[in-house]
Amino acid sequence: MIADNLSRIQSTLPPSARLVAVSKLKPVEDILEAYHAGQRLFGENYATELRDKAAQLPDDIEWHFIGHLQSKQLKYYIPFVSMIHGVDSLEHLHDVEAAAAKVGRTVDVLLQVHVAQEETKFGFLPGELEVESGKWKVESELAHVRICGLMAMASNTDDEARVRADFHAARQLFDRLKAGPFAQAPHFRELSMGMSHDYPLALAEGATLVRIGSSIFGARDYSKKN
């Protein structure tokens, strides 16, 4: 089932987009099934779960941390994670820099932008990322962090027009930043947005990373959360 689901979803992706298979709360056996079907990029939301799974699974898996960043938990995955999707403040950006410096790595990150029409979402407001472009030039030169793009979540609604507008706003901001403070940063090229229920709309607005879990692995049992 997992292999068939992966094949179906991969067939809908353009060459410009990659699939992050969201494996949170799923057993190692399910991840291995996806791995043997050819999937190498996985996303996890919980720090210790990511640490424990990485220790049991093949070394060529590319792990992305896609959960809410908590500075005290960076130590669990900073030694091996490929990308952190949810850097939602300057404070957290510097926390990642410090943690990566301790282990002698450079870690790719995405800046989380708040475009949803909900107060409960995290992230920078679009204006915060544009108001001081000189500052972002300095931040992009941190020694152990590479800012590689943006991550966004759309409003939690069945209104497709609202969801599309949220993704469109994120894409417009991405384009402005890429043409402005990140014009000389070739690694600033990722736009992570879209999940199982809305990823086609995200792809239509230029997503390069889509985070899909339940459509691959099935529904999750949140009672198993640590």
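**Entry 1. Salt bridges**

I take a salt bridge to be a side-chain nitrogen of Lys or Arg within 4 Å of a carboxyl oxygen of Asp or Glu. The model is a predicted one, and side-chain atom pairs count only at pLDDT 80 or more. Side chains of opposite charge can pair when their charged atoms come close. By the rule above I get a count of 10 salt bridges.

I looked up Glu-205 and its partner. Glu-205 forms a salt bridge with Arg-164, with the closest N and O atoms 3.8 Å apart. That pair passes because the cut-off is 4 Å. Glu-205 sits in the loop between helix H8 (199-204) and strand S8 (209-212), while Arg-164 is in helix H7, so this bridge ties together parts that are 41 residues apart in sequence. Glu-205 counts as buried at 13% relative accessibility, whereas Arg-164, at 34%, counts as partly exposed.

Next I looked up a pair inside H7. Asp-166 and Arg-162 form a salt bridge, and their closest N and O atoms are 2.8 Å apart. The two residues are 4 residues apart in helix H7, so about one helical turn separates them. Asp-166 is buried, with a relative accessible area of 0%. Arg-162 counts as partly exposed, at 30% relative accessibility.

I also noted a network of salt bridges that links Arg-18, Glu-62 and Glu-190.

**Entry 2. Helix H3**

How far apart are N and O in the salt bridge between Glu-49 and Lys-53? I read 2.6 Å for this side-chain pair. Both residues lie in helix H3 (residues 47-56), 4 residues apart, which is about one turn of the helix. Are Glu-49 and Lys-53 buried or exposed? Glu-49 counts as buried at 11% relative accessibility, and Lys-53 also counts as buried, at 5%.

I then listed the buried residues of H3: Ala-47, Glu-49, Leu-50, Lys-53 and Ala-54. They cover an arc of only 160° around the axis, so they sit on the same side of H3. Ala-55 and Gln-56 are exposed on the other side of H3. What do the buried residues of H3 pack against? I find helix H2 (28-36), strand S2 (41-44) and strand S3 (62-65).

**Entry 3. Aromatic rings**

I searched the whole structure for aromatic pairs and found 4. Phe-174 and Phe-188 are a stacked pair, 5.3 Å centre to centre, with 15° between the planes. Phe-174 lies in helix H7 (residues 160-179) and Phe-188 in the loop between H7 and strand S7 (190-192), so the pair ties together parts that are 14 residues apart in sequence. Phe-174 is buried at a relative accessible area of 6%, and Phe-188 is buried at 0%.

Phe-188 has another ring partner, Phe-182. Phe-182 and Phe-188 are stacked as well, 4.3 Å centre to centre, with 5° between the planes. Planes under 30 degrees apart count as stacked, so an angle of 5° qualifies. Phe-182 is buried, with a relative accessible area of 1%.

Arg-40 lies over the face of Tyr-35, at 3.7 Å from the ring centre.

**Entry 4. Glu-97**

Where is Glu-97 found? I place Glu-97 in helix H4 (residues 90-103). Its relative accessibility is 13%, and Glu-97 counts as buried.

I checked which residues Glu-97 touches, leaving out those up to four places away in sequence. Its contacts are Leu-142, Ala-143, His-144 and Val-145. Glu-97 and Val-145 are 48 residues apart in sequence, and their C-alpha atoms are 5.6 Å apart in space.

Key: Residues numbered from 1 in each chain as written. Predicted model: local features only at pLDDT ≥ 70, side-chain atom pairs only at ≥ 80, totals over all residues. Heavy atoms only, no water. Phe/Tyr/Trp six-rings, centres within 6.5 Å; stacked < 30°, edge-to-face > 60°. Buried < 20%, exposed > 50% of the residue type's maximum accessible area, 1.4 Å probe, protein only. Lys NZ or Arg CZ within 6 Å of the ring centre and 35° of its normal. Arc of directions from axis to C-beta. Contact = heavy atoms within 4.5 Å.
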